Amino acid sequence: MTSGWLEVAREAAKLPALLSDIYGDLLKPGVRQVGKALETVIGLGNTALWPIALANERARISLERNFEKYREQMNDVPEEKVSPIPPEIGVPVAEKLAYVSDEELSQLYVNLLAKASTVDTAHFAHPSFVNVINNLCPDEAIILKALHRTTSVPFITANLYQKDKKNQFTTIGDLLTGLETRQKLAFPRNTVAYMSNFEGLGLIQIRRDVHLADAAIYTSLENLYRPSFLGLEGQDNLEIKFKKGKIEVTPFGSLFINACLTKLAKRG
């Protein structure tokens, strides 16, 4: 047991050298706060990747960029407000910051690490959020930004009916929210799959049994998507009907958004 604590102490002693490699100047604002927050994480295996990353030019750029974003958030945090990062959050996130280069995803990890680093915001940082980010793609991170400060999102489902068979239909468009038209996504056609992933991760609940009271919102969505189905309606006794629904952000989803989609608030 004693030798284990000695090993942790030895690794912790390497922290100033690691921070110097990453930041260059240990006196740079925010570096002391970063060091204090990371103390309990050092020695648990995550920093073994850092020297390897620093020796590779592309990895070094990712690591330094990610930790610079972290330092900037910690810059205004008084040292007495810095909280040691729980290892179950700090270890996997520190590993990710050594090689995640995508700006959207790396920002989620940085925000989570920063929230876990202060007394005032540590309650937002749930360990399971690391796994949630691991299961997101850059497009999904962009969509989640649009859900920030939103409790529900309206959607419509387009169903194609035969007029003489009222109960038989084919769904030709589902979870049509318009989000893909307002956000710059790499793969806008995957928006429905993204919503399914969010639901599987517990971030949202897709409600097909209720809808928002504002009918104008749904009329706008119908006008947006109806041209996509030109040529179907009217042929062979067919007609399109739209069904209203809404996507609700779950309490778990709201907590995730607060922890990972927003930066630490600047202090006045």
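Me: Why is K69 called buried?

Reply: Buried means under 20% relative accessible area, exposed means over 50%, and partly exposed is in between (1.4 Å probe, protein chains only). K69 comes out at 12%, so it counts as buried. Bear in mind that this is a predicted model, where local features need pLDDT of at least 70, side-chain atom pairs count only at pLDDT 80 or more, and totals for chains, interfaces and linings use all residues. Residues are numbered from 1 along each chain as its sequence is written, and side-chain values use heavy atoms, with hydrogens and water left out.

Me: Where does K69 sit, and what does it touch?

Reply: K69 is in helix 5; helices (H or I, at least four residues) and strands (E, at least two) are DSSP runs, numbered from the N terminus. Leaving aside residues up to four places away in sequence, K69 touches E103, S106, Q107 and V110. Contact here means heavy atoms within 4.5 Å.

Me: What makes F67 and Y70 an edge-to-face pair?

Reply: Rings of Phe, Tyr and Trp (its six-membered ring) pair if their centres lie within 6.5 Å; planes under 30 degrees apart count as stacked, over 60 as edge-to-face, and the rest as tilted. The whole structure has 4 aromatic pairs. In one of them, F67 and Y70 are 6.1 Å apart centre to centre, with 80° between the planes, which makes the pair edge-to-face. Both residues lie in helix 5 (residues 57–74), 3 residues apart, about one turn of the helix. F67 and Y70 are both buried too.

Me: How do you know that K241 sits over the ring of Y161?

Reply: The rule is that NZ of Lys or CZ of Arg must be within 6 Å of the ring centre and within 35 degrees of the ring normal. The charged end of K241 is 5.0 Å from the centre of the Y161 ring and is listed as sitting over that ring. K115 likewise lies over the face of F124, at 6.0 Å from the ring centre.

Me: Why are helix 7 and helix 13 called roughly perpendicular?

Reply: Two packed helices are described by the angle between their axes and the distance between the axes. Axes are lines fitted to C-alpha atoms, for helices over the stretch in contact, and angles run from 0 to 180 degrees between N-to-C directions. Under 35 degrees counts as roughly parallel, over 145 as roughly antiparallel, 65 to 115 as roughly perpendicular, and the rest as oblique. Helix 7 (residues 103–115) and helix 13 (residues 251–260) cross at roughly 90°, with axes that come within 7 Å. Roughly perpendicular is therefore the label for helix 7 and helix 13.

Me: Which residues of helix 7 and helix 13 meet?

Reply: From helix 7, Q107, L108, N111, L112 and K115 meet N258, A259 and C260 of helix 13.

Me: How do you know that L175 is buried, and what is its phi?

Reply: L175 has 4% relative accessibility, so it counts as buried. Its phi is positive, about 50°, although L175 is not a glycine. L175 lies in strand 2 (residues 165–176).

Me: What makes V192 partly exposed?

Reply: V192 has 32% relative accessibility, and it is therefore partly exposed. V192 is in helix 11 and touches D174 and L175, not counting residues up to four places away in sequence.
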